[in-house]
Amino acid sequence: MLTRNCLSLLLWVLFDGGLLTPLQPQPQQTLATEPRENVIHLPGQRSHFQRVKRGWVWNQFFVLEEYMGSEPQYVGKLHSDLDKGEGTVKYTLSGDGAGTVFTIDETTGDIHAIRSLDREEKPFYTLRAQAVDIETRKPLEPESEFIIKVQDINDNEPKFLDGPYIASVPEMSPVGAYVLQVKATDADDPTYGNSARVVYSILQGQPYFSIDPKTGVIRTALPNMDREVKEQYQVLIQAKDMGGQLGGLAGTTIVNITLTDVNDNPPRFPKSIFHLKVPESSPIGSAIGRIRAVDPDFGQNAEIEYNIVPGDGGNLFDIVTDEDTQEGVIKLKKPLDFETKKAYTFKVEASNLHLDHRFHSAGPFKDTATVKISVLDVDEPPVFSKPLYTMEVYEDTPVGTIIGAVTAQDLDVGSSAVRYFIDWKSDGDSSFTIDGTEGTIATNELLDRESTAQYNFSIIASKVSNPLLTSRVNILINVLDVNEFPPEISVPYEMAVCENAKPGQIIQIVSAADRDLSPAGQQFSFKLSPEAAIKPNFTVRDFRNNTAGIETQRNGYSRRQQELYFLPVVIEDSSYPVQSSTNTMTIRVCRCDSDGTILSCNVEAIFLPVGLSTGALIAILLCIIILLAIVVLYVALRRQKKKDTLMTSKEDIRDNVIHYDDEGGGEEDTQAFDIGALRNPKVIEDNKIRRDIKPDSLCLPRQRPPVEDNTDIRDFINQRLQENDMDPAAPPYDSLATYAYEGNGSAADSLSSIESLTTEADQDYNYLTDWGPRFKVLADMFGEEESYNPDKVT
C-alpha cells in the first residue's frame, strides 16, 4: 500500500512538473513559477485600479488517503513573489484541519498532512492561506482560499445492503425468465479510477440461474425446472470492484429462490378399484367411505373435485370433497336394504378445479376409479307399515271397543314374531289398550270430547328373538262429538222496548251457542214456544244464519199497564240427535224519545239520572241519613260541653272584671265580687285553666304551695298577684282572678272594717304601688286621700 501511494505521488509530481496545479486547469488558477498579475484592492496601501503582482494562484491540492508513511505526507508549497528569501515573510494557514490535519512551514510555505486521511470520512478540506510581514505582522497579500482533496484509493469492498434476498419464480418457466435484481454499493470514489466499478457474478447456483454482470439481474438458465423435483435454490452472488480485475475487492450475498407451483400435474388415483363395506343400517347422509386421488401440485392447484359417473348404484350415493385432506367422502343418499340388494358398483372421476391451459397438451387433467360397495346384513328392528296412524272414535263409546290396529314386520331374512306395547310415558292416563300380538287398539275408559278432544301417544314394536330391537310409531286418535248439549241463547237475556214502538220493529238480535263441537254447516233454528204463540205481544224472526230478531207485534206499550214481558224462545240444532232448549227472554218497557233513545225504564228512575238504579238510590239515602245523624250528635255534644262550662249556680265562683271607677254600695255590695272566696286559706285551688280567656298554648298547671293557718292575707294576695303578673296567658286588661273557695266559717274571720280595731288612719296603702300597673288606679286614689290628711306635714 505504501509503495503504491508513493508511486502515485511520484507520477503526480512528474506530470505537473513539480508545481502545484488545480484539479481543473484554468489559466488564472495554475500555480506557476512566475507570479501572475491581478487587479486587487488593498485598503490603505494602494490606490484604486493599481496593478499589483499576485504572489500565487491555485485551486486545489491532492493528498492520498490512507497514507501509512513514517514521515508526514507532503501536500504542496505556498510561495509569494514578495518573499525574497530573506526571512521577512511568514505564511499562515487556517480553515478545515489547519493545525490538526495539515501544518505549514511558516518560512518556506511547505504544507504537510500529519495524519492518515479517509476519503469516505471527509473527501476534501477547505483552507485559507496568507503571507504576512514577519516584522509588522501586516498581510502582504490578500487572504486566498484553496482546497485540499483526498485522492481515493480502493479500500472499500462492494456491499449488498439489502441482502440476503428472497425471490420466487414459477416452475416450468422458460430460459431467461426474470427472477430478481441485486445491487451492491461501493463507498469508493466513482469518479476516480475503477475503485467503485462493480461487476456481478454467480459463485453458486449454476447452471440453474444466471446474472447480468453490470445490472445484477438474475434470470433462469434452465428450462422446465420442476417444483415437484426441487423447490428451493440457494444462489451465491459476488460483486467485485475494479471492473472485476485482479486485485479488486469483492462482496457476496445469498439469494434464496423458490419455485412456485403451477398446475402442471393432473390428479391420479393410486389404484383403479376401491372396495367398501357398508352396514344396511347406515343412516341417510352418513359417510360410508373415503377415496383419494393424488395430485403433486400445491395449494389451489391441488384442489380436486370428485363426481360419480352415472351408472349402476350411482343414484343411491353421493360424493363430496374434504377441503382439508382433498379426499372424496362417499355419503348415503337413500337407505340400504341387504334383503333387496347386496352390492353396488359405480365409477368416480377426480379432476382439478383450477386448470392451466399451457399444459392441456399433456392430456386431460382427470382420472377415474371404480368403487364397489358391499352391503352388510344387520339385525334390524320391526318396521311399521305406516309412519303415523290416525284413528277416530265417538265419545262415550263403551269400554273395550276396538277402534283400530297397527302392523309391524321383521324384514330380516329369518323373520321373527313381533310384540306391541303402549308407551306409558305418552299415555299416562291409560285411556287405551293394545293387543300385544294382534296390534289392535281398544278403549280403556269412557271418552269425553269436551274434556279431551284428541289423544297422541306412541306404540312400541319389538322382536321376540331380540327384544332390544324396537321401533316406535305415533298414534293420533280424534274423539268425535256426540250431540248431547242443547243450544242456548247467547247474552243478553234481557232487552228493552220503547213505549212508542211500532209493530214489526226489531228490538234485539240474538244468537245461540252450543257446547258441542258443531260440525261445519250446522244450523240453529229459532221460534216461539207453542204457549207463547197465542196472541203474542212479541214474536221471533229467524234470519236463517244462526241469528234471530225479537220483533214487536203491538202499536205501543204502556209501563203503567205492564212493565215486564217474558218471551219463551225455542232453539234447535241440526246435529243428530236433535237437541233443543227453551230460553226465556225478559223485555222491559222503557220511556224513549222520538229518536228511540231510552230515557228511563221504571217509575223510580223518573227522578233519577238516566242509568241510576233503585239500589244506588237507597245507598245514597242511607249515606245522607248517616251524615245528618253525625251532625246532630256533634251539635248536641258541643252544646252539652258549653252548658257544663257555664256556672249557673250562685255558689259558683266566677272571674269578674272590676270597674275601678264604680265605688259600688260599700261592703254590703257583693254583686261585683263574692268576698267569701277569701275566708278559707286552707283550701288549695285546683289546677284549672283560666276561664276568662282562651289560652294560646297549653300551659302546665302551676303548683301553688298551701296557705298555712294564720297567714297574713296580705302576703297571700301578694303571692297570688305575683303569680298572675308572671302568667304569660293573662289578658292585657285588669282582672281579678278567683284563687280559691274557702267556704263558710273561715278561720280568717270577717274582712269587714266594722268590727276592726284599727282605724282608717292606721291603714297604709303604699304597698299598692308594689302590686304592679294593674293596681295603679287604687294606689293613686288612696294616695290622694293621704295627701289631704291634715295630720301630716307636707
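Student: What makes the pair Glu499 and Arg559 a salt bridge?

Tutor: Their side chains meet at 3.3 Å, N to O. A salt bridge needs a side-chain nitrogen of Lys or Arg within 4 Å of a carboxyl oxygen of Asp or Glu. The pair therefore qualifies. This is a predicted model, in which local features need pLDDT of at least 70, side-chain atom pairs count only at pLDDT 80 or more, and totals for chains, interfaces and linings use all residues. Residues are numbered from 1 along each chain as its sequence is written, and side-chain values use heavy atoms, with hydrogens and water left out.

Student: Where do Glu499 and Arg559 lie?

Tutor: Glu499 is in the loop between β34 (494-498) and β35 (506-513). Arg559 is in the loop between β38 (547-552) and β39 (564-572). They are 60 residues apart, so the pair links distant parts of the chain. Strands here are DSSP runs (E, at least two residues), numbered from the N terminus.

Student: Is Arg559 buried or exposed, and how do you know?

Tutor: Its relative accessibility is 16%. Buried means under 20% relative accessible area, exposed over 50%, partly exposed in between (1.4 Å probe, protein chains only). So Arg559 counts as buried. Glu499, at 24%, counts as partly exposed.

Student: Why does the salt bridge of Lys463 and Asp379 tie together parts of the chain?

Tutor: The two side chains meet at 2.3 Å, N to O. Lys463 lies in strand β31 (residues 454-463), Asp379 in the loop between β23 and β24 (383-384), so the parts tied together are 84 residues apart in sequence. Lys463 is buried at 1% relative accessibility, whereas Asp379 is partly exposed at 40%.

Student: How do you know how Asp542 and Arg544 pair?

Tutor: Their side chains meet in a salt bridge at 3.6 Å, N to O. Asp542 is buried, at 16%; Arg544 is exposed, at 64%. The count by this rule comes to 19 salt bridges.

Student: What makes β3 and β5 edge strands?

Tutor: The open sheet runs β3-β9-β8-β5, with mixed pairing. Two strands pair if DSSP finds at least two bridges between them. β3 (60-64) and β5 (89-95) each have a single partner strand, so one side of each is left without a neighbour in the sheet.

Student: How do you know that β8 and β9 pair?

Tutor: Strand β8 (residues 124-133) and strand β9 (residues 144-151) are joined by 6 bridges. At least two are needed, so they pair. They run antiparallel, and Leu127 stands opposite Phe146 in β9.

Key: Helix = DSSP H or I, 4+ residues; strand = E, 2+ residues; numbered from the N terminus.
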